Every structure is written in structure tokens, then in C-alpha cells.
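Hi everyone, thanks for making time this morning.

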Amino acid sequence: MRTKFEIKDNRPFSVKAKSFGQSMLFWRGRSKGMIYTRNIELDDFRYIFFPKRFEKYGYLGTQIWDEDGDCFKALYPLVLALDYEAKPKWCPRWFLRFLHVFGADKSIVRVRNWTLHNLLRKLTKGIAFVDWKTKWSHYDLRISIHAPKHLQDLAEYIESGFYSKGRQEELVEQIKSIDPNASIIWGSIERFEKQLEELENAKESNTPNTSEELD
């Protein structure tokens with residue numbers, strides 16, 4: 001029996017078929033209070049089976065998006081070392097990425113499925129790339145990882161080396177702005193700071209005192 005309240009689906013067949021397929025193939029996220037999980041989308045399957053370049057290491061956690069940036073070049077050796085230690089030789093990376101999506105919700109803080117999440121941690125021995133950022137300046141790199149001591153040491157060496165290189169380049173730019181012909185010997189922040197201080201003092205001493213000239 002038809003009623004005036006009957007709702008008719010006027011969508012084209014192609015739209016209906018796509019909607020049905022999505023409902024059958026993909027899983028919706030769930031929320032409980034402030035905790036939520038993502039909707040599994042088609043791009044997640046692309047990430048699992050056909051990763052783009054650096055995405056193949058995505059199961060480790062944090063991504064480095066700008067593959068042409070200085071931070072990527074500094075962090076890439078660390079990611080290779082983490083992958084070498086974390087990935088079992090017999091286990092393909094696509095399976096680890098699968099666990100990363102369906103177990104860890106493609107995150108370092110959320111859990112979608114505890115069984116799959118714990119399996120990922122067991123296979124990777126708990127090794128993970130938690131976070132990276134720059135703090136006070138573009139060369140002040142901070143790295144956070146879950147890894148054995150020798151990898152923690154490597155992360156610290158990268159941090160200190162990245163800072164030293166960036167700070168030296170900054171000081172050389174300041175030195176060259178005062179004296180374009182200044183001698184540059186790379187390797188020491190302290191030496192450049194002393195050289196810059198001497199140039200600034202010499203510049204100030206050679207600057208005429210306008211108040212005395214007016215008197």
C-alpha cells in the first residue's frame with residue numbers, strides 16, 4: 001500500500017551501485033567520547049598495496065611529506081635504519097601497512113583493532129617513528145622514536161648535525177652581509193660566532209658619532 005509519506009530514491013543506478021559497494025567494502029569509523037577512528041577509504045587500500053615512494057615505510061608511524069625538503073634528507077637515513085630493524089625479513093611491508101591501517105588506524109595514538117594493533121607491535125618489536133618537528137628555528141630539529149639505544153643515538157646525531165649545519169649557514173650569511181670577502185672556514189659554530197662578533201665590533205667602531213659632529 002502506497003502512502004504520501006513514501007520516499008523514492010531517484011539517484012542514478014551508477015550512484016546507487018557505488019554507494020552499495022562502499023557500504024560493503026569499506027568500514028566506517030567509530031567514536032566514543034573524544035576518541036574516534038577514521039573511515040576506511042579507497043585511498044587506504046592504495047596506500048597498503050600501491051604506496052607512493054616514501055609511503056612504503058608508513059607503517060613506522062609519522063610521515064615526512066616534503067620529499068624535497070632539508071628535513072626529509074636529514075631524516076631519511078634514520079627511517080631506513082628503523083625499517084631495517086623493525087621489518088621481519090619474511091614479512092612483506094604491505095602486510096605491515098595493512099596492520100597499520102586496520103589495527104592502528106593509520107595513527108600513532110589511536111587503536112582500531114587491538115588484536116591487529118598488538119600484532120603490528122609484536123612484528124616490529126615496538127619500533128616506531130613517533131614524531132618530528134622544528135622548534136625555535138628551521139634547523140632546530142626534534143625527533144621522537146621508539147627504538148633501541150643505537151637508533152636513539154643515531155637520532156641525536158642527526159639532530160645535532162642538522163642544527164650545526166643550519167646555524168653555521170645562518171652565521172655565514174650574517175658575516176657575508178657585513179664583509180662579502182670574509183674568509184669562511186666551515187666546521188665550528190663558535191668560530192663563526194666569534195668572527196661575526198669581531199666584524200660587528202669593527203663596524204661599530206668605524207661608524208661616526210653623529211651627535212659629536214653636530215656639536
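Predicted model: local features only at pLDDT ≥ 70, side-chain atom pairs only at ≥ 80, totals over all residues.

The protein chain has eight helices and four strands. Reading from the N terminus, the order is α-β-β-α-α-α-α-β-β-α-α-α. Of the 215 residues in the chain, 35% are buried. The chain exposes about 15,200 Å², and carbon and sulfur atoms supply 56% of that area. If you take the contacts between residues at least 6 apart in sequence, 46% of them join residues at least 24 apart.

In soluble globular proteins, nonpolar side chains tend to be buried together. Here, the largest nonpolar core has 30 residues, and those with the most contacts inside it are Leu-60, Leu-82, Phe-129, Ile-143 and Ile-145. Which elements give two or more residues to this core? They are helix 3 (70-86), helix 4 (93-102), helix 5 (114-123), strand 4 (141-146) and helix 6 (149-178). Helix 3 gives the most, with nine residues.

Leaving aside residues up to four places away in sequence, Leu-60 touches Val-79, Leu-82, Asp-83, Ala-86, Ile-127, Ala-128 and Phe-129. There is also a second, separate core of eight residues, which includes Ile-175, Ile-189, Phe-192 and Leu-196.

Let's move to the aromatic rings. The structure holds eleven aromatic pairs. Take Phe-45 and Phe-102: their ring centres are 6.0 Å apart and their planes meet at 65°, so this pair is edge-to-face. Phe-45 lies in helix 2 (residues 42-49) and Phe-102 in helix 4, so the pair ties together parts that are 57 residues apart in sequence. Are these two buried or exposed? Phe-102 has 11% relative accessibility, so with the cut-off for buried at under 20%, Phe-102 counts as buried. Phe-45, with a relative accessible area of 23%, is partly exposed.

Ring pairs link Phe-45, Phe-49, Trp-94, Phe-95, Phe-98 and Phe-102 into a cluster. And while you're looking at rings, find Tyr-47: Lys-106 lies over its face, at 4.2 Å from the ring centre.

Next, helix 6. How does its span compare with what its 30 residues should give? At 1.5 Å a residue, the helix should span 44 Å, and its end C-alpha atoms are 44 Å apart, so the two agree. The buried residues of helix 6 include Leu-151, Ala-155, Ile-158, Phe-162, Leu-171 and Ile-175, and also Gly-166, Arg-167 and Gln-168. The buried residues of this helix pack against helix 3, strand 4 and helix 7 (189-205). Ile-175 turns up again here: this buried residue of helix 6 is also part of the second core.

One last stop is His-138, in the loop between strand 3 (128-134) and strand 4. With 54% relative accessibility, His-138 counts as exposed. His-138 and Tyr-163 are 25 residues apart in sequence, and their C-alpha atoms are 8.8 Å apart in space.

That's my tour, and I'm happy to go back to any part of it.

Terms used. Residues numbered from 1 in each chain as written. Heavy atoms only, no water. Core = buried A, V, L, I, M, F, W, Y, C linked by side-chain atoms within 4.5 Å. Buried < 20%, exposed > 50% of the residue type's maximum accessible area, 1.4 Å probe, protein only. Contact = heavy atoms within 4.5 Å. Phe/Tyr/Trp six-rings, centres within 6.5 Å; stacked < 30°, edge-to-face > 60°. Lys NZ or Arg CZ within 6 Å of the ring centre and 35° of its normal. Expected span 1.5 Å × (residues − 1). Areas by Shrake-Rupley, 256 points an atom, 1.4 Å probe, with all protein chains shown as cover.
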